[in-house]
Amino acid sequence: MAIKLSCNLGFFFQSEPLLKRLELAHKFGFGAVELAFDQYECDIREIAQTCHDLSLHVELINTPKGRWEQGERGLAAVPKQEERFWRMFLQSVDCARALKCKKIHVMSGVCSPDEPLHRHFATIVQNLTRAAAIAEKEDLILTLEPISTIPGYYMNHVEIARAVIEAVSSPRIKYQYDCFHAHAFHSNILTPLERNIDILGHVQISGVPDRQEPSVDASSSLIPVLFRILESVYGGYVGCEYTPSDQTNPDLSWAQSFIT
């Protein structure tokens, strides 16, 4: 099974507007993209038409970020914000439908200092149980990504993701593995992947620890081993979620044997 790579447009070509970034992803050989939040700020029909014209598949989108300037980073685990989460989730479903995208990364949000952790857990389980019914109807996968770079972020370890997935108990809720964040939590970036292959729903890669181009040198990098594991257990796209050293002309020589 060949590895298929998607271009994360939250990191690539950041100085360009979204439609231009789509064109550049196509120009540099990507057949798929991942979108962070631009789809909620642009005309979704233009995005869909551009992807269609370029034969670009949209592999993954995020749920809306919420009030970013007020510190929100999604709302799935935030108590007392259930109805706002639901409206934002339905917005992401509408976007996914328009873009023919089958994966939505559900942003959990930042913990409230006034709420105990068990309330956050109960909130995200309740919200995702409700969301899973929509995901089943729409044939969607909802992913949970442990993130190490957002202070106070609820979904900050794979063990939390696994506990939530098991509590919801729906095949529509999956684990999103990112080797950059895995490096922050584990001495071996493969550990969380190998221990959670049974709930794996999406994969993202980058160099570690600098989050630039991945190294495929087998003597110094685990990325080739990661690819060998994925070849046998994962059929989806692998997202390139890193900041290229050169945003104008990214060096993709490391990936030439993988891009499809």
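The model is a predicted one, in which local features need pLDDT of at least 70 and side-chain atom pairs count only at pLDDT 80 or more, while totals for chains, interfaces and linings use all residues. Residues are numbered from 1 along each chain as its sequence is written, and side-chain values use heavy atoms, with hydrogens and water left out.

Helix α1 covers residues 18-27, where helices (H or I, at least four residues) and strands (E, at least two) are DSSP runs numbered from the N terminus. Within α1, Leu18, Arg21, Leu22, Leu24 and Ala25 are buried, a word that means under 20% relative accessible area, whereas exposed means over 50% and partly exposed lies in between (1.4 Å probe, protein chains only). These residues cover an arc of only 165° around the axis, which puts them on the same side of α1; the arc is that of the directions from the helix axis to the C-beta atoms. An α-helix has 3.6 residues a turn, so residues three or four places apart point the same way. The buried residues of α1 pack against β1 (4-8), β2 (32-35) and α2 (44-54), and contact here means heavy atoms within 4.5 Å.

Most residues other than glycine have a negative phi. Phenylalanine 13 lies in the loop between β1 and α1 and, at 2% relative accessibility, counts as buried. Aspartate 139 lies in the loop between α4 and β5 (141-144), and at 42% relative accessibility this residue counts as partly exposed.

Another loop, the one between β4 (103-105) and α4, holds methionine 107, which counts as buried at 4% relative accessibility. Leaving aside residues up to four places away in sequence, methionine 107 touches Phe37, Asn62, Thr63, Arg73, Gly74, Leu75, Ala76 and Tyr153. Although methionine 107 and proline 146 are 39 residues apart along the chain, their C-alpha atoms are separated by 9.8 Å.

Finally, the backbone shows a cis peptide bond between valine 208 and proline 209, with omega about 5°. Proline 209 is placed in the loop between β7 (200-205) and α8 (223-233). Most peptide bonds are trans.
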